[in-house]
Amino acid sequence: MTLDEIVAASAAKGLGVVGAFHPGPDDDAGDDVGTLILLGPEGSGLWAAFSASAEAMDGAPDPMDRWSKRVIDGLAQRTGAKALYPFGGPPWLPFQRWAQKAEGAVPSPVGMLASAHRGLWVSYRGALAFKGQIPLSTGDIPDPCAPCPAPCTTACPVDAFSAGVYDVDRCATHLRSDAGSDCRRGCLVRRACPAGHRLNLPESQRAFHMAAFLAARP
């Protein structure tokens with residue numbers, strides 16, 4: 001199976017192939033994995049597919065994770081791969097480390113990973129692990145932070161990312177307040193990243209993830 005075929009099969013389910021690489025023995029992908037393909041949001045396709053799913057409407061916990069597992073398990077079966085996930089641990093798979101090789105993601109000034117195509121909206125719903133080495137495109141991937149004036153560092157209204165350390169409690173308290181209404185439409189820090197504008201995530205998708213974050217906080 002070619003990379004183009006995997007891209008097409010993933011897109012038909014609402015997922016984008018957001019990065020791929022040939023892991024080595026130090027990447028903790030498994031001794032028999034020759035190619036690792038990371039899947040995540042690519043435009044509005046994921047949100048459209050998820051919003052129409054049974055998981056989005058059944059009222060049960062973790063709808064996005066359950067949808068991701070159902071869809072990616074199906075893709076893995078269709079393509080002859082093994083499905084891997086960033087949730088469901090421990091143990092937790094090193095998706096953040098894989099992202100730096102697969103997508104050229106880099107640590108941003110606020111600590112979160114950023115990529116040239118998706119900015120600070122870097123996220124992963126899962127991965128497909130193949131035994132063989134699938135030919136991949138090569139070339140330098142630009143660093144989105146190197147030429148950037150870093151508006152992310154001043155975008156948070158409560159300085160929850162000051163000194164490069166994320167103050168989760170300060171963020172959650174603000175989000176629950178009347179003053180946090182704009183942040184509940186999507187993190188202002190992520191929205192400030194120029195590289196992320198081209199991804200153009202729907203506001204409803206951004207708000208869904210903010211609501212899920214708050215629901216997970218006591």
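## Strand pairing around S2

Two strands pair if DSSP finds at least two bridges between them; helices (H or I, at least four residues) and strands (E, at least two) are DSSP runs, numbered from the N terminus. The structure is a predicted model in which local features need pLDDT of at least 70 and side-chain atom pairs count only at pLDDT 80 or more, while totals for chains, interfaces and linings use all residues. Residues are numbered from 1 along each chain as its sequence is written, and side-chain values use heavy atoms, with hydrogens and water left out.

Strand S2 (residues 35–40) pairs with strand S1 (residues 16–21) in the antiparallel sense over 5 bridges, with Gly-19 opposite Leu-38 of S2. Strand S6 (residues 126–130) also runs antiparallel to S2 and is joined to it by 5 bridges; here Ile-37 stands opposite Leu-128 of S6. S2 is mostly covered, 6 of its 6 residues being buried (under 20% relative accessible area; exposed means over 50%, and partly exposed in between, with a 1.4 Å probe and protein chains only). Thr-35, Ile-37 and Leu-39 point one way from the strand, and Leu-36, Leu-38 and Gly-40 point the other way.

## Aromatic pairs

The whole structure contains 8 aromatic pairs. Rings of Phe, Tyr and Trp (its six-membered ring) pair if their centres lie within 6.5 Å; planes under 30 degrees apart count as stacked, over 60 as edge-to-face and the rest as tilted. Trp-47 and Phe-208 have ring centres 5.3 Å apart and planes at 55°, so this pair is tilted. The pair links distant parts of the chain, with Trp-47 in helix H2 (residues 45–51) and Phe-208 in helix H9 (residues 203–215), 161 residues apart. Trp-47 is buried at 13% relative accessible area, whereas Phe-208 is partly exposed at 23%. Ring pairs also link Trp-47, Phe-50, Trp-67 and Phe-208 into a cluster.

Phe-95 and Trp-98 form another tilted pair, with ring centres 5.0 Å apart and planes at 50°. Both residues are buried, and they lie 3 residues apart in helix H5 (residues 95–102), about one helical turn.

## Salt bridges

The structure holds 12 salt bridges (a side-chain nitrogen of Lys or Arg within 4 Å of a carboxyl oxygen of Asp or Glu). In one of them, the closest N and O atoms of Glu-55 and Arg-70 are 2.6 Å apart. Glu-55 belongs to helix H3 (residues 54–57) and Arg-70 to helix H4 (residues 63–79), so the pair ties together parts that are 15 residues apart in sequence. Glu-55 is buried at 9% relative accessibility, while Arg-70 is partly exposed at 46%.

Arg-185 and Asp-182 form a salt bridge whose closest N and O atoms are 2.2 Å apart. Salt bridges that share partners join Asp-182, Arg-185, Arg-191 and Glu-203 into one network.

Arg-206 is located in helix H9. This residue is buried yet has no salt bridge, and the nearest side chain of opposite charge, Glu-203, is 4.3 Å away; for charge, Lys and Arg count as positive and Asp and Glu as negative, while His and the chain ends are not counted. Leaving aside neighbours within four places in sequence, Arg-206 is in contact (heavy atoms within 4.5 Å) with Trp-121, Arg-185, Gly-186, Arg-191 and Leu-201.
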